[in-house]
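Work through the following exercises with the coordinates open. Each task is followed by a solution in steps.

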Amino acid sequence: QVQLVESGGGLVNAGGSLRLSCAASGRIFSINEMGWYRQAPGKERELVAESTSGGVSSYAESVKGRFTISSDNAKNMIYLQMNELKPADTAVYYCNALVSIGSDGATWWGWGQGTQVTVSS
């Protein structure tokens with residue numbers, strides 16, 4: 001069984017920075033794809049950033065140039081560096097990942113429980 005646990009959320013003033021972390025635990029051979037999503041009150045969950053094992057990353061237009069997705073495969077960690085935060089970035093942030101769990105090609109895909117980010121104006 002694989003688990004994803006986010007951390008690093010909190011309250012920050014507009015213009016500030018936060019770094020979210022997502023720790024993947026369990027029987028993991030590699031992290032193949034990863035992503036960060038967010039959900040604001042009354043809104044649907046939306047993609048913020050995603051990255052493939054080939055190193056290709058993509059971002060929502062609203063966060064381009066401000067957010068950076070990265071990973072440390074040796075530690076099974078996924079990160080989201082968020083700079084120049086705006087009140088509109090306030091949401092619960094979730095990580096998800098597609099990981100290899102066996103040499104036979106078996107994979108697991110799932111979500112973390114989320115971490116709250118609140119940006120005050």
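**Exercise 1.** Does R38 count as buried or exposed? Then trace its salt bridges.

Solution. The model is predicted.
Step 1. The relative accessibility of R38 is 5%. The cut-off for buried is under 20%, so R38 counts as buried.
Step 2. R38 forms a salt bridge with E46, with 2.7 Å between the closest N and O atoms. E46 has a relative accessible area of 36% and is therefore partly exposed.
Step 3. D89 also forms a salt bridge with R38, and here the closest N and O atoms are 2.9 Å apart. This pair links distant parts of the chain: R38 lies in strand β4 and D89 in the loop between β8 and β9, 51 residues apart. D89 is buried, at 1% relative accessible area.
Step 4. A network of salt bridges links R38, E46, R66 and D89.

**Exercise 2.** How many salt bridges does the structure hold? Describe the one between K64 and E61.

Solution.
Step 1. There are four salt bridges in the structure.
Step 2. In the pair K64 and E61, the N to O distance is 2.8 Å.
Step 3. K64 is partly exposed at 46% relative accessibility, whereas E61 is exposed at 62%.

**Exercise 3.** Locate the disulfide and state its geometry and burial.

Solution.
Step 1. The structure holds one disulfide. C22 and C95 form it, with their sulfur atoms 1.9 Å apart.
Step 2. C22 belongs to strand β3 (residues 18-25) and C95 to strand β9 (residues 91-100), so the link joins distant parts of the chain, 73 residues apart.
Step 3. The link of C22 and C95 is right-handed, with 40 degrees about the S-S bond.
Step 4. C22 is buried at 0% relative accessibility, and C95 is buried with a relative accessible area of 0%.

**Exercise 4.** In what order do the strands of the four-stranded open sheet run, and which stand at the edges?

Solution.
Step 1. The order is β1-β3-β8-β7, with antiparallel pairing.
Step 2. The edges are β1 (3-7) and β7 (67-72); each has a single partner strand, so one side of each lacks a neighbour in the sheet.
Step 3. On average, neighbouring strands of this sheet are turned by 15 degrees against each other, direction ignored.
Step 4. β7 pairs with strand β8 (residues 77-82) over six bridges. S71 stands opposite I78 in β8.

**Exercise 5.** Which element gives the most to the largest nonpolar core?

Solution.
Step 1. The core has 29 residues; W36, V48, F67, L80, M82 and Y93 have the most contacts inside it.
Step 2. Elements giving two or more residues include β3, β4 and β11 (115-120).
Step 3. β9 gives the most, with five residues.

Technical notes. Residues are numbered from 1 along each chain as its sequence is written. This is a predicted model: local features need pLDDT of at least 70, side-chain atom pairs count only at pLDDT 80 or more; totals for chains, interfaces and linings use all residues. Side-chain values use heavy atoms; hydrogens and water are left out. A disulfide is a pair of cysteine sulfur atoms within 2.5 Å. Buried means under 20% relative accessible area, exposed over 50%, partly exposed in between (1.4 Å probe, protein chains only). Two strands pair if DSSP finds at least two bridges between them. Axes are lines fitted to C-alpha atoms, for helices over the stretch in contact, and angles run from 0 to 180 degrees between N-to-C directions. A nonpolar core is a set of buried Ala, Val, Leu, Ile, Met, Phe, Trp, Tyr and Cys residues joined through side-chain atoms within 4.5 Å. A salt bridge is a side-chain nitrogen of Lys or Arg within 4 Å of a carboxyl oxygen of Asp or Glu.
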